[in-house]
Amino acid sequence: MTDIKKLLSQLTLEEKASLTSGEDFWLTKAVERLGIGQARTSDGPHGIRADDYSREDHATMPAVCFPAAVTTAASFDREMLRELGEELGRECLAYGVDVLLGPGINIKRSPLCGRNFEYFSEDPYLAGQLGEQFVSGVQSQGVGTSLKHFFANSQETRRFTSSSDIDERAIREIYLAAFENVVKKAQPWTVMASYNKINGTYSTANRYYIDEVLRREWGFEGLVVSDWGATHDRVGAIEAGTDLTMPAEKHSDRWIVDAVKSGRLSEKALDRCCERVLRLVEKAEKGRVKGAVCDKEKAHALARKFAANSLVLLKNDGGLLPLKKTDKVAFIGAFAEKPRLQGGGSSHIREIKITGALEAAKEAGISVTYAAGYDRDSGETTDALIKEAIAAAREAEKAVVFIGLPDSYESEGGDRRHMRLPEGHNRLVAEVCAANPDTVVVLHNGSPVEMPWIDSPKAILEAYLGGQAVGGAEVDILFGDVNPSGRLAESFPMRLEDNPSYLWYFGEGDRVSYNESIFVGYRYYETKKLDVLFPFGYGLSYTEFEYSDLELDRSEMTEDDELNVSVKVKNVGRTVGKEVVQLYVAPQKGMAIRPVRELKEFVKIELKPGETEAVKFTLSKRAFAHWSAESHGWEAERGVYGIEICRNAHEVILEEKVRML
Ligand code: BGC
């Protein structure tokens, strides 16, 4: 173990300042004189986007592209996120990466955010639970993570200058809660301070949230790194506790030296940051494994398994799915050949290969016909492409149309302005459905879309951005080798205008008011009783589950007690399947202003036909509490709370009540 204090005492002021910014785009700085090495960061997080330092052009190395966060979140599967993290950790070791820059756990405030595909959910509990497993998984391999973007980075428009103006309660309940859980439970090596301001102060200079909340209140032990280029004031960043500014910022290291010399910055504050950089480097060096390799074929198979566990069956009238392998099936749409795997921007992985559904069907010995239907890049169609698609649909017994958003629609650095699919895709669906009543739609998108044709196809499968093996997962589900078990980790509104942030989303100038406060996603739709296209938590299966015997171990409790909940779930269908058991807490009216229900527990279980499992949950104070802006703390108000077992945020199956004394 390095004696960090001793090292610190040997560093000159200039060297200390130099340690608080990067060497280049990814590396921290070395101090050769003292044998201080470098930590290497790299994007992801749904794969490794590492530069090849052995080449002059530092070209990005190809790596397995796993499903993006929007997809893995729909698995509602903690174990899967852990397994994904472990695999990414192993790959980091093989690629020489010490810190993987993720996961992104920002809350989806609006379907328009251009980076929604990189984030898990509109629900902080779900995002926090999945983030915790991801971080624990990566870090179990001796590799670090960077929990990002801390916080309230909910739009790309003017992301470098805008201020997210949010009330204290929404900050705590919605925008910080996921970070809080991951920090407390998984101790990420680093947390990344976001580009935006929070209530007027840049995140990287926000001493209250970094020092008071993250470090003192939650006990964060790691390093805070700026998002790339998010530090505007090097001295202010050090004072606030942003230890490392990335990427390279050599010219401004001098400002820190001057500030210490002139007494504007205490050397102690600088020492604290240096110490954390040194600890990070120490951990990085300790974690490295010489000669580590990863098995890319195995990883590709894992990517397929993860996608298959995450895709969401949205509609299946008359049990059209699963298709029979002997059916005469037409695959229509360019995404069947080359699917959309991921979104654009810093998370973009140079995938090793792409398996589309067309190729996967062929590999499985299933013969399908194919028509492109539209231009993959623009999304536009032509009369000739439509004619070909109609002919393929007519000749087949069943048609599967692969549509979605082209790459240009979703990327870091920009937000969508609407939720529409390209006109060419909508026209294709309408024409194919008219030609063949047994039509399935498969969607590739990183955020909700409008579906003007929703009544026409008999089945809809949401494939999101499922990574390089997504085609295999689609074939697994379409032909019944895998029973779909994904659940939406976000609401699909009917119209963009229904979204609670709609009136204020992009803000005025640089001020973005979060006037909807805690009413984000289903918290708003359910409380307002607004119809949605598909609710949060929604997803179908090829089997059916019956719930019974919801029991609470007490009818009254104090905030110091735990409440044990059990419920029986039975697979009453004919196929083995996975169910996501969802528990929501519903405070009675007349207490603080609250959403009608909030997700407080969930678990994914697998049941054989006829099998029953007694699922158990334990709830404590936090599951009942709201943040009081008066006492600046969590309060579980007295009164009655519904304990609801739900199929999704809209559909309550069983309910019992407990009184908080
Ligand atoms: C993004 C981060 C990313 C970083 C490094 C920034 O623009 O916001 O998510 O990790 O660049 O590429």
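Let me start at the ligand, where a polar side-chain atom of Tyr195 lies 2.7 Å from one of the ligand's oxygen atoms. Please keep in mind throughout that what we are looking at is a predicted model. Arg115 also brings a polar side-chain atom to 2.7 Å from an oxygen atom of the ligand, and in the side chain of Glu412 there is an N or O atom that is 3.0 Å from a ligand oxygen. As for how much of the ligand is covered, it exposes 310 Å² when taken alone, and the protein buries 95% of that.

If we step back to the whole surrounding shell, we find 15 residues, and the closest of them are Asp43, Arg115, His149, Tyr195 and Asp227. Sorted by class, that shell is made up of six nonpolar, two polar and seven charged residues.

Now to the domains. The domain assignment divides the protein into domain 1, which is given as 13-40 together with 98-287, then domain 2, at 296-486, and domain 3, at 545-660.

How much area do domain 2 and domain 3 bury between them? The value is about 340 Å², with 35% of it on carbon and sulfur atoms. On the domain 2 side, the residues that lose the most area to domain 3 are Asn309, Asn483 and Ser485, and together these account for 95% of what that side buries.

What kinds of pairing do we find there? Between domain 2 and domain 3 there are four residue pairs in polar contact, whereas the count of salt bridges between domain 2 and domain 3 is zero.

How values were computed
Residues numbered from 1 in each chain as written. Predicted model: local features only at pLDDT ≥ 70, side-chain atom pairs only at ≥ 80, totals over all residues. Heavy atoms only, no water. Domains from an automatic or database assignment. Buried area = accessible area lost by both parts, 1.4 Å probe. Salt bridge = Lys/Arg side-chain N within 4 Å of Asp/Glu carboxyl O. Polar contact = N/O pair within 3.5 Å; in protein donor to acceptor, adjacent residues only side chain to side chain. Near = heavy atom within 4 Å. Areas by Shrake-Rupley, 256 points an atom, 1.4 Å probe, with all protein chains shown as cover. Nonpolar A, V, L, I, M, F, W, Y, C, P; charged D, E, K, R; others polar.
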